[in-house]
Amino acid sequence: MFETAKRMEMLPFSGIRVMMEKATQMQKKGEDVIHMEIGRPDFDTPQVIKDAAYDSIRRGNVFYTSNYGTPELRKAIAEKLKRDNDVDYTADEILVTIGVGEGTYAAVAAFLNPGDEVLVPDPVWLNYIHVPNFFGAVPVSYKLREENDFQIDLKELESLITDKTRMLVINTPGNPTGVVQSYETLKGLADIAIRHDLIVVSDEIYEKLVYGGEKHISIASLPGMKERTITLNGFSKCYSMTGWRLGYAAAPVDFIKAMVRVHQYINTCAASFVQEAGITALEKAEPDVQEMVKEYARRRDYMVSAINSMDGVSCKTPGGAFYVFMNIKSFGMSSADMANYLLEEAKIATVPGSAFGSQGEGYVRFSYACSYERIVEGMERMRKALAKLPKKA
Ligand code: PMP
């Protein structure tokens, strides 16, 4: 048996995958499991995007592209960033990546030295912990608290900054809480980043999934921020393209030139025909996105009111993404025990909040990227299952 490299200790399997595995095993045994654990849209990719990909392959667009991505897609992304996010980028300031997953890796690899500190939210999409760890950098968590509607506590965040802090990661709309950080929060963050000369990595993958009048703001659009921000975005969530593996980083040219060196040694480039379909997504799929958003909003409203009508659990109304973060503290159980209980007793798969960091303890994450009918069924099953549990005195 060969031993793995020492640094592999820094790369555990994800808690979400563990839950998915367990749910899948139950399903194989014939159990009717409702999947509310996965952060994967249940819609098919819009037809117009699929047609663009078929057409691209048919025309023989099957070869390597520039490491940076095709000029046409980079231009379309720059135009999108102007149109939707009010930030001026040229095509040179865009790197096409294999999803935000790769963008995260390239940003950390290119800018963090061993020992450098990076501020990350807690709870968080765990790549922002494990990828810095893998490179010997030190993730330092700032807490997102329910009492504060999961908005970032600026004072606390600033108090965590040391002379080793180099980077600040934000994610809005956020996984797993669904929070949309407000203009005031982002303005305060921008002031802090400028004062302490930090690089900001802004993960905006859920940007179009906002509800009830919430508005997504790109921190790069605030004065003095474009020059220090790496905006990471992608097609997975908003266009329902998780399997296509397409994303991008937008940042000043020097950042992009550093990140492309990481990218070229892992991926060379994103798939040529996928890049071409990406242009169609940006230019023609907005009506499809808006249809999906309408349906997500309907599911969110139902789930939030169902949870808040149950004894012992509660949740905030999330402004974005497709997650509800349910407070289970009144049961005095760990979130892992609760998620296991819900899987075994109610046959609903969720993710324990603790899988997203210590601040997630006491919560369970539901994804509503699952049909409305299944959500209704799942909520009814949960109501019955919770009624059987004793509450903390
Ligand atoms: N960022 C966040 C906050 C996410 O929740 C996810 C998916 N769960 C990703 C990035 C991954 O995106 P991609 O498919 O583009 O790699």
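Trainee: Where is the place of Pro123?
Mentor: Pro123 is in the loop between strand S3 (117–122) and helix H5 (127–134). Keep in mind that this is a predicted model.

Trainee: And the peptide bond from Asp122 to Pro123, cis or trans?
Mentor: The bond from Asp122 to Pro123 is cis, with omega near 5°.

Trainee: What about the bond that joins Thr172 and Pro173, cis or trans?
Mentor: Thr172 and Pro173 are also joined by a cis peptide bond, with omega about -15°. Pro173 falls in the loop between strand S5 (165–171) and helix H7 (183–195).

Trainee: Next loop. What is phi of Asp149?
Mentor: Asp149 has phi near 55°, which is a positive value in a residue other than glycine. Asp149 sits in the loop between strand S4 (138–143) and helix H6 (154–159).

Trainee: Switching to the ligand. Which residues are around it?
Mentor: The residues around the ligand are Gly99, Val100, Gly101, Trp125, Asn171, Asn175, Asp203, Ile205, Tyr206, Ser236, Lys237 and Arg245. By class, that shell divides into four nonpolar, five polar and three charged residues.

Trainee: Which helix gives the largest share of the shell?
Mentor: Helix H4 (residues 99–111) does, with three residues.

Trainee: Which pocket does the ligand sit in?
Mentor: The ligand sits in the largest pocket.

Trainee: What lies 2.7 Å from an oxygen atom of the ligand?
Mentor: That is a polar side-chain atom of Tyr206. Arg245 places a polar side-chain atom 2.8 Å from a ligand oxygen. For Gly101 the atom is a backbone N or O, 2.9 Å from an oxygen atom of the ligand.

Trainee: How much of the ligand does the protein bury?
Mentor: The protein buries 90% of the 400 Å² that the ligand exposes when taken alone.

Trainee: Last topic, the open sheet of four strands. What is the strand order?
Mentor: The order is S9-S10-S13-S12, and the pairing is antiparallel.

Trainee: Why is one side of S9 and of S12 left without a neighbour in the sheet?
Mentor: Strand S9 (314–315) and strand S12 (351–352) stand at the edges and each has a single partner strand, so one side of each has no neighbour in the sheet.

Trainee: How many bridges are there between S10 and S13?
Mentor: Strand S10 (residues 323–327) and strand S13 (residues 363–367) pair over five bridges, in the antiparallel sense.

Trainee: And what is the bridge partner of Phe325 in S13?
Mentor: The partner of Phe325 there is Arg365.

Methods:
Residues numbered from 1 in each chain as written. Predicted model: local features only at pLDDT ≥ 70, side-chain atom pairs only at ≥ 80, totals over all residues. Heavy atoms only, no water. Near = heavy atom within 4 Å. Polar contact = N/O pair within 3.5 Å; in protein donor to acceptor, adjacent residues only side chain to side chain. Areas by Shrake-Rupley, 256 points an atom, 1.4 Å probe, with all protein chains shown as cover. 1 Å grid on protein atoms, 1.4 Å probe; cavity = no way out; pocket = protein on both sides within 12 Å on 5 of 7 lines; lining within 4 Å. Sits in = over half its atoms within 2 Å of the grid points. Helix = DSSP H or I, 4+ residues; strand = E, 2+ residues; numbered from the N terminus. Nonpolar A, V, L, I, M, F, W, Y, C, P; charged D, E, K, R; others polar. Pairing = 2+ DSSP bridges.
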